[in-house]
Each structure stands twice: as structure tokens, then as C-alpha cells.
Amino acid sequence: MPPFLRLLATTSLALALSVQAMADTSRPKVGLVLGGGGARGAAHIGVLEILEELKVPVDCIAGTSMGALIAGAYASGLSPAMMREEMAEADWDTMFSDIPDFSEVNYRYKETLRRFIPGSELGVSSDGVRFPPGVVDGIKIKLFFNQLVGANRTERVIEKLPLPVSLIATDIGNGERVVMREGSLTTAMRASMSVPGLLAPATRDGRKLVDGGLVDNVPIGEARERCNADIVIAVNVGSPLLPADSVGSLLTISAQMVNILTEQNVTRSLATLKPTDIYIKPDLGTISAANFSRNAEAADRGRAAAEAVRDQLARLSTSAAQYAQWREPIDRSYKPKPTIDEIEIAGLKRVNPAMVERQLTIKPGEQLATSNIDRDVLRIYGDGFYQSVDYQLLTQRDRNILRILPVEKSWGPDYLRFALNLDTDSNQGSSFGLRAAYQKTLINDLGAEILATVGIGSNLGAGLDFYQPLDPAQRFFVEAAVKYERVQQNVFQDNKRVAQYINSGTAFALSAGTNFGTLGQARLGWIEQSRTFDRDIGSSQLPNFETSYSGWNAKLSLDQLNRLYFATQGWRTKLDYFDSNEAGFARAEIDVEGAFSLGKTVITGRANYTGSPRGQLPFYSAGRLGGFLNMSAFARGQILGDEVTYAGVRAEQIIGTFPIGLRGDMRLGFALEGAHVGTYYTETNLSGTNILNSAAIYLGGETPFGPAYLGFGYSTSGASNFFLNIGIP
């Protein structure tokens, strides 16, 4: 190039840069503040839509709680339209429940969850009883954040984002305001949204952090400081205080206390607004902090509020070229799915790493897909040993390293567990029971466990179980168990209770088996039993009875239902075979259940057979009918017999869901049931009946104490039954 042309080009470039610099300095610096408010924070999306339409660039963002989520997502390249899509597709009904799809839970842990209230777990040590830090650990929430900001494709840290971001949290230890300007973006988002008492605190730099709304819900001062903002656009989506007559329960009192603290710091922040600042407070009507399913409506209301100050916002508009230049480094460029070169498991202290590795389907040399890593993380969490499980994608010397980050329970590894049951019906009255257990886990490197149980109430019991895996992946195991129980057993004839026996006995079992991942397990063992039947109520002509026997036992249990209670899809089956030469009989039981959904209607079918391949079943090992969804028109255990076949189908309409932090849904159900009994031991008047029938209508739901049912059952044989069941049998 000739010298004069080179000089001309240099001069032109310098002039262009000078003009651009003048344009940049002429534009006021804008700080965007996105306040906290739970589900109400979806209104921020609508505000961002208007800013995008008006081509208003911002120089920094400060966010708290839900505002931190939106701020982090926006700074990582998610457009408002993409945010709407992600929020609409999220499963908010299960987002605040840590339990993964029940089919992905370790089978042994499934058995524990079925026997005890899932939320009753308490840690126990020489220092006393220790409580979990929150109702929800936030596993699914954190995975959702990872997906939002693209943490599954590249490492996301705040200081490397193209747009300066500040996220606000509260140190629960000293009450200090914590401003997060660096480090893991998703961890900061999770910390800022940790509602005290609901979500467990997030640990970051050795500090336990909770919702920033407690100290700075609309962080105007942080936006001014972060980028020396000339103008602040502040969006306040906080929840208004409840009317005095609406505050009465412990839950509403706690919520009101948090709202009062939040409103106090919001008032102080708003007092710092200048006449040149822009304040937006959307009218969110009845949308509460927990109404995440109304995210689209909240976004629309946020858009309407921004439209109301459109003229003020328009003064901050830039040209299309300037806005594109500002937006270019922020817009997400989707990198291809990374190929994993190495997998690390970090942070374990007691758990054998092989127990984590067994749940990983992703292998080195494969591409990392969101669906796969999320499923693996939830499956690891489903082992029941961890307070949280997360992952991190690192790039070191052009190698992609997937780091799995399981955090063992801070209140473990020894636990107290509890179960409560209340059972009442119009045929045999009421019974109640309280069961407690001490569980000692991770006794050795292979993951041995001891479980000691005791039960009081209408029935008494105690047991001791020792479980020893034989390999680090826990594919094979041996187990020894001994138990004692003392239960009330009613005897019925002509739909009347004619006697009540005290059925007491002991049992010892030794077995070996294999686990089929999360699918189930098979086992083979030897059982020794002794039983005594002492008449408590009834005619003196009715005999007492005592027996002892032993034999081989084989079991196959498979469970792929998607929920612990109130499944919406999946199946499970159980095959149980016992053979005793000493007692002269064999007992076979097959139970199969399946469920599927049609919209909000859930159809469930169940079939059961209990019979004697050899000899005849004695009454103390007979098939049983009666009780809810086992011929609901009859009392629990009202019909005893041999060669008992049962089939039932039920349709349940989902009519509501419990609030965040509780589990499951509420259903109105109708059941049709039929059964055939080869030989009747009770209710012998029915021996000429070919097929017994029963129908039931009921209302059901999952409570903090377990499932609850209230309903009525009727049979054309003359039996009927009002029933109420709460808790875990």
C-alpha cells in the first residue's frame, strides 16, 4: 500500500474510533435493577422485552432472588423470548421437590422411603440431633439454572460474563449482605434464591447464603456502584404485606415476617432514587411468590408496566447499529455439545466413589447432553446419601473435564426416621401406630447399614436389620434380619367382627441377593418363624393357637413407578415364594400394578394372586382381602383364604396440588374391584359367591405424614365401609 493511502486509512480509522468514543461518552451509563419476589419475578421478562424493542443497552445488572435468576440468564445470552420459552417448559410442579422420578431412585432407598415419612429424616450423633437445613435441597432448581445459562456446554463464571452482573445474598450466620461479583454464576443464582426454611442455604466460599431479599431486595445502590450508573432502571416485584386478618397460621406469620423485613430494606433503597431514574412496579394482582405456573401472565404484566413508562425508557434508546454492537458479545453463541475427555468425582469423604460411578451413564469420549447429565445427577442423589449433587464442566489444556460434585449429608451418616399411621373405618373402628427407626449407614467402604426399628400403638413391633453389600457398586449383598411383632387380628363372619386375636411372633431371615440398578432386586434366603394367636375378644369356644416353622424364600421385586405415592405412570411387580417342608405347604404371591395418564386423569390397574402350589395355606399365612383398594367395601383383612385372586382398576382426577415444599397432588378417585377366593377361612357365607365385587369413591392426597384417603366402599354382597387412612401402614 502506498504511504499516503496507509496514512489515509489510519486517519479514517482514528476518526471513526473518535466518533464512536464520543457517542459512547454521550450515552448515560444505565444500571438495571431486578428485584426479588419469587414467581412474581417473571415480570422482569416483560420489562426486558420492552428494553429490547426500544434498543436500550444497559451497562450492568444487579439482581436479587428471582431477579438474580433473570439477571444471570440475561447476561449469559438468554433473550427475553428464550426466557419465556424456558419458563413455560419448566416443570414447576416438581421443581421444588428433590426426589427424582421414583423409577430412578436406588431400590433399597425406595424401601426406606416407603416405610418412613420422607421428610422425617433427622441426623443423630454424639453431639445430639441434627436437622436438615431446609425442606428442599434444591437439586432440580440448580440443574434448571445450569440449563438456563448453558453451564452444560461451557464453564460459567460471573467475572467472565460480557455484561457486569451483581447478585445479592444474605449470610445466614451473621446477617450480612453478600454481593457476588465473581465465581460460579449458577451457585450465586441458587444462593440468592434460597428462601429460608424452604430451600437449604447454598455454601459459597465457606459461607451459608440465603435469599438476598432479607437485606437488599431491590439493590439500587449496588447498580450505581458496579458500573457508576448515571441512570438506574429499578423493577420492584416484591410481595405486598398480607392483611392482618389473613395472618393467623404459623406459615402466614413466617411469610409476613419475611415480607416486613423485605419491605423495610426496599423502602430504604427506593429512597435513593433520583428524579432521572426510572421506577417500574408491575401490577401483579393475585400472583403470589409461589405461583410459578403463572409465569406468562406475570411477564405480560411486567411488559404492561414497562409500556407505561415507555417515553422515559425511549430517551435511553440507541441506534440499531449501536445496540447491535452492545448486544453482540452478550448474545449466546451455542457451542457444540462438548466431548468429555475425563470424569472426576470430587468432595467425597465417606461414600465410596464406585457408588457414584455406578449411576453414571456418560462415559469419556461421549458428548455431554443436558438430559443425560441431569438424569445421572438425579440418579446419584436418589441413592439417599447426599445433601446435594451438582456438576461442573472444566476446560484444561484443551481437555473437557466433567467434575461430579456430590456433597454428603451434613447431618448424616446416622439418622432417626419416623412413620405415623391412622386407620379408621366403620366396620372395625380405629387403630393408630407410631414407628421410629435408627439407621446407621456407610459403616464400611462397601456401604453396610444397620436399621433398628420400634413401633408402638395399636400394634407393637421391633426389628433389627443388617445389610452388607459385597462389592463397591453394591450389585450383590447379604442381609440378616430379626423382628418381633404383636398385632391385633380381627375375625369376621356375616360382615360382623366376631373375635379379636392378639397375633404375636418372631421371625429371623438370612438372605443373599442382587440389585438390578434402580430397577429392583432379587433375593434368596431362609426364614425361621414362630407365631402365637391368643384370643382377646370373642367366644371362649374359639381356640388359641401356636406354631413355628421354617423354609426357603425367594423374592423378585421390580419398581418403575414414577412417584412414591400417587404415581402418574410406570409399573411395579412383586413375586414372593415360600416353601416349608416342615409345615407342609408352599405359598406363592404375585402382585402387579401399572399406571398411565390421560391429561389430568390417571388410570391405575392392579392384580394380585396368593395361593398354595403345594398343600393348603394355613390361616396364619393366608391371602387377605379388605381395606382400601384391596376390596374397599370390606374391613382390612376381613376375608382370609387360599387361592385368592384380586383385580382392580381406578380412575383418579387430579383436582389440585399442595403448596411448594409439600409433595404430590390431590385427587378425586373411583375404583372398581373384583376378587375370587378358592377356600374361605373367614366370611364362609360367601363361599358360594363366584366373584366378589366392590366399588369405592374417595378423595386422596399426599400430606407431610404420607398418603391420606377419605372415602366410601360398597359391595352388592351387603358389605359397605366408610374409611379414613392417613400415613404409612
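User: How many of the 11 residues of helix α7 are buried?

Analyst: In this predicted model, 10 of the 11 residues of helix α7 (residues 139-149) are buried, so α7 is largely enclosed by the rest of the structure. Buried means under 20% relative accessible area, with exposed over 50% and partly exposed in between, using a 1.4 Å probe and protein chains only; helices are DSSP runs of H or I with at least four residues, strands are runs of E with at least two, and both are numbered from the N terminus.

User: And what covers the buried residues of α7?

Analyst: The cover includes α3, α4 (80-89), α5 (92-95), α8 (185-192), α15 (370-381) and β12 (386-396), where contact means heavy atoms within 4.5 Å. Among the buried residues of α7 are Lys140, Lys142, Phe144 and Phe145, and just after the helix Gly150 takes a positive phi of about 75°.

User: OK, switching to the core: which residues have the most contacts inside the largest nonpolar core?

Analyst: Those are Leu167, Met180, Ile233, Ile280 and Leu313, in a core of 73 residues; a nonpolar core is a set of buried Ala, Val, Leu, Ile, Met, Phe, Trp, Tyr and Cys residues joined through side-chain atoms within 4.5 Å. Helix α3 gives the most to this core, with eight residues.

User: What does Leu167 touch?

Analyst: Not counting residues up to four places away in sequence, Leu167 touches Gly63, Ala68, Ala71, Val178, Val179, Met180, Leu185, Ala188 and Met189. A second, separate core of 22 residues includes Val351, Ile380, Leu393 and Ile404.

User: Which residues of α2 and α3 meet?

Analyst: His44, Ile45 and Leu48 in α2 meet Gly67, Ile70 and Tyr74 in α3.

User: Last one: is Gly433 buried or exposed?

Analyst: Gly433 has 17% relative accessibility and therefore counts as buried. Gly433 lies in strand β15 (residues 429-440) and, leaving aside neighbours within four places in sequence, is in contact with Ala419, Leu420, Asn421, Ile456 and Gly457.

Notes. Residues are numbered from 1 along each chain as its sequence is written. This is a predicted model: local features need pLDDT of at least 70, side-chain atom pairs count only at pLDDT 80 or more; totals for chains, interfaces and linings use all residues. Side-chain values use heavy atoms; hydrogens and water are left out.
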